[in-house]
Amino acid sequence: MSPDARTILANRLRGQAGYCAAADSPFYAGLLEHLAVDAEAAGPTWELLGRTVDDPALQVPQLRLLGAVHRLVLAGDVPELARHYPSVGGDGDPDAAWPLVRSVLTARHDELDRAIDRPPQTNEVGRSAALIGGFLTVAAETGHPLRVLEVGSSAGLNLRFDHFSYQAGPSHVGDPTSPVRFVDVWAGRPLPFDAPLRVSSRAGCDHDPIDPTSDTGRLALLGYVWPDQDARLAILRNALDVAARVPATVEQGDARDWVAAQLVEPHPGEATVVFHSIVMQYFSPADVTEFVALLADAGARATLDAPIAWLRLEPTSTTEVTRAELRLTLWPDGQDRLLALAGFHGTPVEWRA
C-alpha cells in the first residue's frame, strides 16, 4: 500500500491514543503513539495492521492487537515485557515497554495476526451500571419478571446483572453481598430503585462465546482490559467469581437468527428484554437494518401481558466520543426514549429518564 495508507493508519492509532488518554489510560496512550510512528515507518505495526486500513474505524483492530499482547503478558509468556505492564505489577512506562512490544510484534506475528480477526470481547461489567436503569424501568412499567436475552454476550457476565449490587444513597437493588458493587455512580434524576426487579430467565448469543469459568476464558477477558486500569480489572475478576456460581447460557450463532427464534412465541406473564451494549459497530449496515426490522415486527405482536423491550447502550453520531446512549423501546406502546448517557465502559452514568 501507499504511504498515504500508512498515514491513515497512523492517524487512527493517534486518535485511539487520544481516547485512551481521555479515558485515563496513559500506558496505552503512550504505546499507541509508538505504534503510530512505527506504522508510518512501515515497521511490524504496519505489517500487522496495514490490512485493516479500509475496515470501519469502530472495529478497533488496534485494541485487538494490544489485547493479544496483553494476554501474552498475563500468561507469563513474555516476562521481560511484564516488568512494564501495571496489570502484573510492572512500572507502567510505555516508553520502556515499546522496544519489547515491537519485538513481540515481530516474534509473534502469526499469532497476533490471527488475534486481529477476533472482535474485542471485554464483556465490560461496568456497563451494567447503566443497563440496570433500563431493566428497572421495564420492571416498573410492566410489573412482570424479566426474560433477558443478550446479543453479543461474549462470556455473558452482564447477563448476571441482578447478582451485582447497586446503591444510590439509601436506595439499593440487586444482591447486597455481591463482590461486584456500584455505589453512587449515577448523576441526574433518581433511578426507579423501588421497581420489582425479578429475572425469570437469562440467555445470550455471540459469534464466538467465551467460557468465563475456564482458565482460557478468564485470560481472554482480562487481556482486553487496559493494563493500567486497576478498577476495571478488579471488577472483572469479581464478576468472573459471580459467573462461577450463577449459570447463564450463551449460544454460538448469528444475532439476527438467534433473536428471531427467541421471539417467535409469546411469553405471557414475562417481559422479554432484548439488550446489547457496544455491539452494533460490529454489524454491517444491512445487518443493523434487518435486526431493527425483526424487533419491530416482534414488537407489533407484543401485548400488555407479553411485552417486548429493546434496551441498548450504543454510541450514536450525536454523542460525545467517550459516551454512549442508553435507549429503550418498549412494546406494545413502541415508544423509543433516551434513558441515560454513559461511558463506553459504563460509569459514570447520567440518568435522563
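This is a predicted model: local features need pLDDT of at least 70, side-chain atom pairs count only at pLDDT 80 or more; totals for chains, interfaces and linings use all residues.

Me: Why are strand S3 (171-174) and strand S4 (181-183) said to stand at the edges?

Reply: The open sheet has 3 strands in the order S3-S2-S4, with mixed pairing. S3 and S4 each have a single partner strand, so one side of each is left without a neighbour in the sheet. From one strand to the next, the twist averages 10 degrees.

Me: Which helix lies across S2, S3 and S4?

Reply: That is helix H8 (residues 128-142), which runs at about 85 degrees to S2.

Me: Why is helix H2 called roughly perpendicular to H4?

Reply: The axes of helix H2 (residues 26-40) and helix H4 (residues 61-74) come within 12 Å and cross at roughly 115 degrees. Since angles of 65 to 115 count as roughly perpendicular, H2 is placed in that class relative to H4. The crossing of H2 and H4 is right-handed.

Me: Which residues of H2 and H4 meet, and how many of them are nonpolar, polar or charged?

Reply: From H2, Tyr 28, Leu 31, Leu 32 and Leu 35 meet Gln 62, Leu 66, Gly 67 and His 70 of H4. By class, this contact has 5 nonpolar, 3 polar and no charged residues, with Gly counted as polar by definition.

Notes:
Residues are numbered from 1 along each chain as its sequence is written. Side-chain values use heavy atoms; hydrogens and water are left out. Two strands pair if DSSP finds at least two bridges between them. Helices (H or I, at least four residues) and strands (E, at least two) are DSSP runs, numbered from the N terminus. Axes are lines fitted to C-alpha atoms, for helices over the stretch in contact, and angles run from 0 to 180 degrees between N-to-C directions. Contact means heavy atoms within 4.5 Å. Angles under 35 degrees count as roughly parallel, over 145 as roughly antiparallel, 65 to 115 as roughly perpendicular and the rest as oblique. A crossing is left-handed if the near helix is turned anticlockwise from the far one by less than a right angle, and right-handed if clockwise.
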